[in-house]
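Me: I have a structure to go through with you. Can we take it piece by piece?

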There are 2 protein chains.
Amino acid sequence: MKLLYSPSSPYVRKALVLAIETGLDRSIEKVPVTTTPVAPAPEVASRNPVSKIPALIDGALTLYDSPVVCEYLDSKHRKKKLFPAKGKARWAALRQQALGDGLLDAALLARYENFLRPTDKRWSEWSDGQMAKIDGALNALEKEAGTLKGALTIGQITIACALGYLDFRFAELGWRDKRKKLAAWYGKFAQRPSMKATMPPG
Amino acid sequence: MKLLYSPSSPYVRKALVLAIETGLDRSIEKVPVTTTPVAPAPEVASRNPVSKIPALIDGALTLYDSPVVCEYLDSKHRKKKLFPAKGKARWAALRQQALGDGLLDAALLARYENFLRPTDKRWSEWSDGQMAKIDGALNALEKEAGTLKGALTIGQITIACALGYLDFRFAELGWRDKRKKLAAWYGKFAQRPSMKATMPPG
């Protein structure tokens, strides 16, 4: 399998962490790409028409976006599944994944606003709106930090990759302030070899 | 169940179409909300920390985003499932859902850029980048229009809601030009009672 990949993409990181946790990483060839919404890489656009990564190529099959790539990878190993098959555990994991992805979507939009867009075209209400989503997600995660313990799922992986992205791109945010339980959980989770091996570039 | 809802949201429409197709619509109370990235509705933010719809409330459980809401609803009826359980059919449906959602994500960002953002803060390269994603998705869908026939899945529903959104907000785009197969498929799909009952406001 080939994975269109960037070391700074938190959505790609989800797939890589899952692959390492399940032993699939040895079956994945990482193909580095550099792509942004205003300068899409042709090698991404030719595989994923909306030009986003991760995209996973397995023979004739090309899959995207990150939830689909992750669930597909989870079907390809025989260890414990990180997508619970059904029932309460599945909905809890998928909702947590959506919360982490939603935090990331807001963070990426805020990042594009304040680093990609020309200075005179920035709109503070847009950034403020995205930052409010990040804040809301962090507050919700602090409240439910107790539910993050327990068997590893795609929910925890996504939330950890989202928090890692905040450390990478929004260090000044100080997300750990007033979120002691979430910070403690992440501090431990970030020690997993899968997380250490996929740290964004320093 | 309660669904936080807007008649103009294409992501909400996915859930409504699925509910009608499976007979679940009678079990869903639609709660109308008005929310944007710069003016999030408090009643949405209190349920979905990243303030997006659809959000589905079923007793103590609140679910988001649209793929999770749709898969949950699909677990709640006994008709033919619209999320294939496994194998090639599942990956085909999930990839098509991601393609339709990706088209919509680009369309919503282009819409926010050109209708929500103050005129002097608009950046044409951003709009152009989003429109290129829409164009790429449409071209890919035209190529694979043949695969849209066959048993109803969440893939088809998502693509139809995405095309319906282009008619609603991007009529000037003329997406049917040079996409005759896709246009023919959509022309037929749009006649389903579930699609007619969920048309965005005129």
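Me: Is B:Ala93 buried or exposed?

Reply: B:Ala93 counts as buried, because it has 23 C-beta neighbours inside 10 Å. Buried takes 20 or more other C-beta atoms within 10 Å of a residue's own, exposed takes 12 or fewer, and partly exposed is in between, with C-beta atoms placed from the backbone. This is a predicted model, where local features need pLDDT of at least 70, side-chain atom pairs count only at pLDDT 80 or more, and totals for chains, interfaces and linings use all residues. Residues are numbered from 1 along each chain as its sequence is written, and chains are lettered from A and ligands numbered from 1 in the order in which they are written.

Me: Where does B:Ala93 lie, and what is it in contact with?

Reply: B:Ala93 is part of helix α4 of chain B. Helices (H or I, at least four residues) and strands (E, at least two) are DSSP runs, numbered from the N terminus. Leaving aside neighbours within four places in sequence, the contacts of B:Ala93 are B:Phe83, B:Pro84, B:Thr153, B:Ile154 and B:Gly155. Contact is C-beta atoms, placed from the backbone, within 7 Å.

Me: How far is B:Ala93 from B:Lys121?

Reply: They are 38 Å apart in space, C-alpha to C-alpha, and 28 residues apart in sequence.

Me: And what relates chain B to chain A?

Reply: A rotation of 180° with 0.0 Å of shift along its axis puts chain B on chain A, with RMSD 0.0 Å. The two copies are thus related as by a two-fold rotation axis. In chain B, the C-alpha nearest that axis belongs to B:Lys121, 2.0 Å from it. The superposition is by least squares on the C-alpha atoms of residues with pLDDT of at least 70 in both copies.

Me: Switching to chain A. What does the domain assignment give?

Reply: Chain A has domain 1 (2-74) and domain 2 (87-196), with bounds from an automatic or database domain assignment. Their centres, taken over C-alpha atoms, are separated by 20 Å. In the contact between them, 13 residues of domain 1 of chain A meet 15 residues of domain 2 of chain A. α1(A) gives the most to the domain 1 side, with eight residues.

Me: Which residues of helix α7 of chain A are buried?

Reply: In α7 (residues 180-189) of chain A they are A:Leu182, A:Trp185, A:Tyr186 and A:Phe189. Seen down the axis of α7(A), these fall within an arc of 95°, so they line one face of the helix. The arc is that of the directions from the helix axis to the C-beta atoms. The face turned away from the buried side of α7(A) carries the exposed residues A:Lys180, A:Ala184, A:Gly187 and A:Lys188.

Me: What covers the buried residues of α7(A)?

Reply: The cover includes α5 (124-143), α6 (154-169) and α8 (193-196) of chain A.

Me: What about the α6 of chain B, enclosed or not so much?

Reply: 13 of the 16 residues of α6(B) are buried, so that helix is largely enclosed by the rest of the structure.

Me: What is phi of A:Ser51?

Reply: It is near 55°, a positive value in a residue other than glycine. A:Ser51 lies in the loop between α2 and β3 of chain A. With 27 C-beta neighbours inside 10 Å, A:Ser51 counts as buried.

Me: And A:Lys178, buried or exposed?

Reply: A:Lys178 is exposed, with 11 other C-beta atoms within 10 Å. Phi of A:Lys178 is near 65°, again positive in a residue other than glycine.

Technical notes. Contact = placed C-beta atoms within 7 Å.
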